[in-house]
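I opened this entry to record what I looked up in one chain.

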Amino acid sequence: MPGNTLARAQTGCVVYKMNFYTRETPPGVKLLGENRLMCSGSRDLDIDVYYSYVSRLMTAARLKWNPTMLIHGGAVGVDSMCDSWARSNDLDTWLFKPEYDKFPKWEAPKVRNYEMVVSSTCAVVLWSGFSGGTSHALDALLHEKKPFLLWDLSRKQDYFIPVNC
């Protein structure tokens, strides 16, 4: 278990607990009874270098949880690589963009991260070890006790972190 990674992920992050759900569910999406895989990761990763990492992580998640849908934030980097993998492997996608019209600029991505975590049943995280948004997503996953696969690129090792739901 990557103790240092989780220690970094848990320091200085605020999880926004919401008593309401603000996002509309796309037509045909059941919030109960389906495995929805969330992806999170650093935006500054080169697709030519890291797509193989994403592909291995997504394949492992598919074998472990058999998700029917990918949830992501639509950012460049890991989100777009996971979206590409999902579309080429016949997974539906659900895009969560930050709602800057409803929340302050600094808060909108954190609210979006929390909504993605709440809407998912499991997750994959490809983390450079420095991304604040990914660190926040990790904190929310731990807070909500969602199972996830973490690839810490600062160590270049695979970790499955079991969390009881």
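My notes on the chain follow, topic by topic.

**Ground rules.** I am working with a predicted model, in which local features need pLDDT of at least 70 and side-chain atom pairs count only at pLDDT 80 or more, while totals for chains, interfaces and linings use all residues. Residues are numbered from 1 along each chain as its sequence is written, and side-chain values use heavy atoms, with hydrogens and water left out.

**Layout.** I looked up the secondary structure and found 5 helices and 6 strands. Helices (H or I, at least four residues) and strands (E, at least two) are DSSP runs, numbered from the N terminus. Read from the N terminus, the order is α-β-α-β-α-β-α-β-α-β-β. Of the 165 residues in the chain, 50% are buried. Here buried means under 20% relative accessible area, exposed means over 50%, and partly exposed is in between (1.4 Å probe, protein chains only). I then checked contacts, meaning heavy atoms within 4.5 Å. Of those between residues at least 6 apart in sequence, 73% join residues at least 24 apart.

**Helix 2 and helix 3.** I took the axes as lines fitted to C-alpha atoms, for helices over the stretch in contact, with angles from 0 to 180 degrees between N-to-C directions. Helix 2 (residues 47-65) packs on helix 3 (residues 78-88) at about 55°, and the axes are 9 Å apart. Helix 2 is therefore oblique to helix 3. The angle classes are roughly parallel under 35 degrees, roughly antiparallel over 145, roughly perpendicular from 65 to 115, and oblique for the rest. The crossing of these two helices is right-handed; a crossing is right-handed if the near helix is turned clockwise from the far one by less than a right angle, and left-handed if anticlockwise. Helix 2 contributes residues including Tyr 50, Val 54 and Met 58, and helix 3 contributes residues including Met 81 and Trp 85. By class, I noted 8 nonpolar, 4 polar and 1 charged residue in this contact. Nonpolar covers Ala, Val, Leu, Ile, Met, Phe, Trp, Tyr, Cys and Pro, charged covers Asp, Glu, Lys and Arg, and the others, Gly among them, are polar.

**Helix 4 and helix 5.** The axes of helix 4 (residues 108-119) and helix 5 (residues 132-144) come within 9 Å and cross at roughly 40°. Helix 4 passes helix 5 in a right-handed crossing.

**Aromatic rings.** I found 2 aromatic pairs. In one, Trp 94 and Phe 96 have ring centres 4.8 Å apart and planes at 50°, so the pair is tilted. Rings of Phe, Tyr and Trp (its six-membered ring) pair if their centres lie within 6.5 Å; planes under 30 degrees apart are stacked, over 60 edge-to-face, and the rest tilted. Both Trp 94 and Phe 96 are buried.

**Leu 37.** This residue lies in strand 1 (residues 36-41) and is buried, with a relative accessible area of 0%. Leu 37 touches residues including Met 58, Trp 65, Ile 71 and Val 124. Leu 37 and Trp 94 are 57 residues apart in sequence and 9.9 Å apart in space, C-alpha to C-alpha.

**Positive phi.** Which loop holds Asn 66? Asn 66 lies between helix 2 and strand 2 (69-72). Its phi is near 50°, and Asn 66 is exposed at 52% relative accessible area. Asp 90 has phi near 60°, lies in the loop between helix 3 and strand 3 (92-95), and is exposed at 69% relative accessibility.

Note on methods
Lists of a residue's contacts leave out its neighbours within four places in sequence.
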